[in-house]
Amino acid sequence: MPDSKGKTLLLLKPRGFCAGVVRAIDVVRIALEAFGPPIYVRKEIVHNSFVVDELRGKGAIFVDSEDEVPNGERVIYSAHGVSPEVREHSARRGLRVIDATCPLVTKVHVEAVKFAKEGYSLILIGHHDHDEVVGTLGEAPLVTQVVGNPEQVKSLTVPDPNRVAYLTQTTLSLDETKDIIAALKQKFPNIKGPAAQDICYATENRQVAVKEVASDADLLLVVGSENSSNSNRLVEVARNLGTNSHLIDSYKDIEAEWLIDVKTIALTAGASAPECLVEETMKFLATKGFDNVQELEVMPENVRFGLPPEIVEAIAAAPASATAGSRAWLIESVPRSVPPASFSSPLSTTTATGAANSKPTPHSSPITSCCTRCWAPATPLASRKPRTGSSSTKTKTAAGASTPPVRQMSAPR
Ligand code: SF4
């Protein structure tokens, strides 16, 4: 029984899984179904302990380095990407690589190579020890320096201050990055940046949603793992706005004292946190009286990425027990969209019939593609528009003149 009544839970949208995470998890799941264990995964496929444990339970073997993968075995690169050195090393070892690098991370790699070839010194804005930064840095290690705050900009030295370019990690704080870029522009007035900002749509949208709602909440909870950069940034954004905020791996991390005198909680999730953990948190908070659940959609988000070629080929080689119709649909569809989470691959003969009978609706959403490593058809990044939302959905102004669309919900039972 709830111990008090009338408390509100604001559920932010968009929240949770981004397109890159959905794709990476599907890559591991399908690889396990298609090829069977062992499937090795270099680093955490995405930075979420629940997701990693679940895939480990299905037979994935997580390793820190390609060195730990036996010669000739299959290895999946995580969504955060790898350096060319890792690719070369894997090739020398005869490893069969499946690349689940998020296409938006690959975009940053491509930019790094381009700037380096054109003779620029590169400043990579990001966290030194993050897997993504390690991978991007590896594209042009001799000309790249990593900075993580405006202070570090002061001590930068480059051979030619008129030939400097910057790039950023995809999961940074928008505000902090803005300050670092301002410091860079002050130090190197002719500095070049990427054509479109590197901070990805999912990172930006989740931060914008927190900014819109933080002032309406006494407490903002972010579901996400400690090593998830974008989840940590959401906590920072709320705290910078004066709202008490905590990162939780699951509802079990919620401390009783956080809820003292709290009437309204806002709840969101980082891009690698699954919705089931959000639902469990809602259930728990309902027992604490937060049973007036309102979902606030700050902006629409509908981005999907295609699967890597190795996985598309595996699906194309599905056993004959899968019907011709189903296989034809898969072969046609997967380069444009990943199968929905509920979809069971016909690669397993036991699910072939069900899959054939439950053809998912093809996605009509915008597809983002940026380079030859990305399997999806090319659509210019500039055509992506989830960042600002549409007038029909993002209605809450900075001055609070109107409110975002609200959907009344019941806490999950
Ligand atoms: S957070 Fe952004 S860059 Fe990272 S996997 Fe998701 S979409 Fe890709």
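Of the contacts in the protein chain that link residues at least 6 apart in sequence, 75% are between residues at least 24 apart. The structure is a predicted model. Its protein chain contains 13 helices and 13 strands, and buried residues account for 45% of the 413 residues.

The ligand is surrounded by 15 residues, the closest being Cys18, Gly20, Cys102, Thr170 and Cys200. Two or more residues of the shell are contributed by each of α1 (19-35), α4 (103-117) and α8 (201-213). Helix α1 supplies the largest share, three residues. By residue class, the shell around the ligand comprises ten nonpolar and five polar residues, with no charged residue. Both domain 1 (1-21 + 200-413) and domain 3 (104-187) provide residues to this shell, so the ligand lies between the two domains.

Helix α9 spans residues 229-240. Its twelve residues reach 16 Å from the first C-alpha to the last, close to the 16 Å expected at 1.5 Å a residue. The helix is mostly covered, with nine of the twelve residues buried. These are Ser229, Asn230, Ser231, Asn232, Arg233, Leu234, Val235, Val237 and Ala238. Just after α9, glycine 242 adopts a positive phi of about 90°.

Helix α10 is formed by residues 275-287. It has 13 residues and extends 19 Å between its first and last C-alpha, close to the 18 Å expected at 1.5 Å a residue. The buried residues of this helix are Leu277, Val278, Thr281, Met282 and Leu285. Viewed down the axis of α10, these residues fall within an arc of 145°, so they line one face of the helix. An α-helix has 3.6 residues a turn, so residues three or four places apart point the same way. The buried residues of α10 are covered by elements that include the strands β1 (8-13), β9 (219-223), β11 (264-269) and β12 (292-297), together with helix α2 (49-58). Just after α10, glycine 289 takes a positive phi of about 100°.

Key
Residues numbered from 1 in each chain as written. Predicted model: local features only at pLDDT ≥ 70, side-chain atom pairs only at ≥ 80, totals over all residues. Helix = DSSP H or I, 4+ residues; strand = E, 2+ residues; numbered from the N terminus. Expected span 1.5 Å × (residues − 1). Buried ≥ 20, exposed ≤ 12 C-beta atoms within 10 Å, placed from the backbone. Arc of directions from axis to C-beta. Contact = placed C-beta atoms within 7 Å. Near = placed C-beta within 6 Å. Nonpolar A, V, L, I, M, F, W, Y, C, P; charged D, E, K, R; others polar. Domains from an automatic or database assignment.
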